[in-house]
Amino acid sequence: MAGQAKLRHDTFDRAGAQDDGPRSIVILGATGSIGKSTADIITGAKGSFTVAAVAGGRDPVALAKMARDLGAGFAALADPARYAELKEALAGTGIKAAAGREAVIEAALQPSDMVMAAIAGTAGVEPTYAALSAGRTVALANKECLVCAGPAFIRQAATMGTRLLPVDSEHNAIFQALGDADPDTIEMMTLTASGGPFRTWTAEAIARATPEQALKHPNWSMGPKITVDSAGLMNKGLEVIEAHYLFGIEAARLDVLVHAQSVVHGLVAFRDGSVTAGLAAPDMRVPIAHCLSYPRRLTTGARRLDLAAVGQLTFERPDFARFPALRVALDALAAGNGAPTIMNAANEIAVQAFLSRQISFHDIARLVERTCEAALADGTAHEPLSVADALAVDHMARERTRSYLAPAASSGMVTN
Ligand code: NAD
Ligand code: MG
């Protein structure tokens with residue numbers, strides 16, 4: 001780990017094209033929450049961007065509309081069964097249509113200045129890694145890339161001299177707060193968490209929470225997976241792991257504070273007692289715009305921060321008893337040996353099972369913890385150094401979590 005104590009400014013600062021013409025962008029996950037906010041920034045910044053390609057999961061109509069609105073050259077849908085619908089929706093536009101897993105990778109590899117990596121979950125790993133490996137600057141929203149395959153991504157970014165720009169609001173705030181600081185002078189990096197919809201709930205009430213309740217985030221409007229992750233603070237656990245790889249900083253110098261107003265997104269404390277922080281209204285268009293135009297600044301219609309209107313900013317320590325998922329994620333980071341990869345895979349299966357009402361909210365963290373413990377105990381766990389290895393570990397972990405799910409209904413795993 002000693003080698004990781006250095007901040008990887010080089011992954012951000014190596015020069016890419018800083019030309020004066022419009023910047024060409026590929027949007028992976030174009031029909032999702034981050035994808036739509038990215039489109040909004042691009043549309044608002046007339047003449048500053050062109051869109052080389054868009055990729056989405058399984059909604060051909062929404063993807064075709066996005067491709068037409070943005071004037072994209074290429075549109076790729078992950079679901080091959082809906083290729084005909086995509087082709088029909090794009091008929092006469094001159095936009096090339098393709099579908100399937102390979103097509104999404106092809107979209108990632110279309111010539112561009114920057115790839116916005118905003119596919120939800122581990123499905124984003126391969127296309128994002130393909131873009132990185134082709135030397136594209138990557139604006140990284142998809143934190144699962146680094147949780148699943150952090151060592152491979154960071155090594156490849158360094159090898160290729162590719163920039164990874166953090167879209168996640170906390171990491172973007174820290175990135176901006178860091179400036180060109182000497183990494184050795186940093187005492188602590190703090191990521192804030194809103195606390196989600198269950199911040200003030202009792203453990204018993206949280207355990208019984210329904211998908212509808214978990215999907216009602218107080219401050220942010222996001223896709224379903226990250227919203228459920230946020231409700232249990234698993235999202236913050238994923239983000240600590242993301243920060244560990246992105247900034248090359250060890251877990252002991254990474255901290256989490258619950259901050260209900262979501263105004264201060266990240267802080268950096270230095271050894272002389274100084275603290276710098278990144279603040280903004282809770283609007284993802286702010287970090288998205290920062291990445292899209294980096295190192296310049298766009299004028300945007302994003303929400304403005306009015307501190308007088310906010311009035312009070314509050315901070316508290318996270319409560320691990322009520323939010324065990326955060327502890328499970330931090331334990332995975334401490335355990336190493338592929339535990340973050342395993343934890344991330346188990347969490348995706350568990351969140352899906354919760355959303356389809358197979359398990360209770362309480363069961364999410366239990367299932368993830370059980371998967372990690374079993375995988376670490378059977379002697380096969382190891383740090384995956386390549387993306388292929390990480391995806392193999394991910395696959396095995398998914399199978400293991402599913403095997404716990406199947407008998408769950410009869411064994412009392414389901415508590416609601
Ligand atoms: P979302 O569910 O709203 O959108 C996901 C997008 O990915 C959709 O366009 C979907 O069609 C697409 N997709 C799914 N599977 C795909 C596949 N196999 N190939 C191609 N496209 C596929 O999710 P979101 O909230 O926009 O989040 C996207 C990523 O950004 C996640 O990793 C999330 O953790 C991260 N993130 C989101 C926010 C936010 O505010 N929404 C903030 C920080 C980080
Ligand atoms: Mg975040």
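User: What about helix H13, how many of its residues are buried?
Analyst: Seven of the nine residues of H13 are buried, so the rest of the structure largely encloses this helix. Buried means under 20% relative accessible area, exposed means over 50%, and partly exposed is in between (1.4 Å probe, protein chains only). Helices (H or I, at least four residues) and strands (E, at least two) are DSSP runs, numbered from the N terminus.

User: Which residues of H13 are buried?
Analyst: Pro287, Ile288, Ala289, His290, Cys291, Leu292 and Ser293.

User: Where do these numbers come from?
Analyst: This is a predicted model, where local features need pLDDT of at least 70 and side-chain atom pairs count only at pLDDT 80 or more, while totals for chains, interfaces and linings use all residues. Residues are numbered from 1 along each chain as its sequence is written, chains are lettered from A and ligands numbered from 1 in the order in which they are written, and side-chain values use heavy atoms, with hydrogens and water left out.

User: Pockets next. Which element gives the largest share of the lining of the second largest pocket?
Analyst: H13 does, with six residues. Helix H8 (169-178), strand S11 (275-279) and H13 (285-293) each supply at least two.

User: How many residues line that pocket, and which lie nearest its centre?
Analyst: The lining has 25 residues, and Gln176, Ala280, Val286, His290 and Arg297 lie nearest the centre. By type, 11 are nonpolar, nine polar and five charged. Here Ala, Val, Leu, Ile, Met, Phe, Trp, Tyr, Cys and Pro count as nonpolar, Asp, Glu, Lys and Arg as charged, and the others, Gly among them, as polar.

User: What counts as a pocket?
Analyst: On a 1 Å grid over the protein atoms alone, a pocket is an open set of points where a 1.4 Å probe fits, with protein on both sides within 12 Å along at least five of seven lines. Lining residues have an atom within 4 Å of a point.

User: New topic. What coordinates the magnesium ion (ligand 2)?
Analyst: Asp168 (OD), Glu170 (OE) and Glu239 (OE) do, at 2.1 to 2.2 Å. Their spacing along the chain is D-x1-E-x68-E. Donors are N, O and S atoms within 2.8 Å of the metal (3.2 Å for Na, K and Ca); water is not among the atoms, so sites may look incomplete.

User: Are Asp168 and Glu170 buried or exposed?
Analyst: Both Asp168 and Glu170 are buried.

User: And Thr401, where is that?
Analyst: Thr401 is in helix H18 (residues 387-405). Its relative accessible area is 0%, so Thr401 is buried.

User: What does Thr401 touch?
Analyst: Not counting residues up to four places away in sequence, Thr401 touches Ala346, Ile349, Leu367 and Thr371. Contact means heavy atoms within 4.5 Å.

User: Last one, Gly150. Where is it?
Analyst: Gly150 lies in helix H7 (residues 144-160). Gly150 counts as buried because its relative accessibility is 1%. Gly150 and Ser386 are 236 residues apart in sequence and 9.2 Å apart in space, C-alpha to C-alpha.
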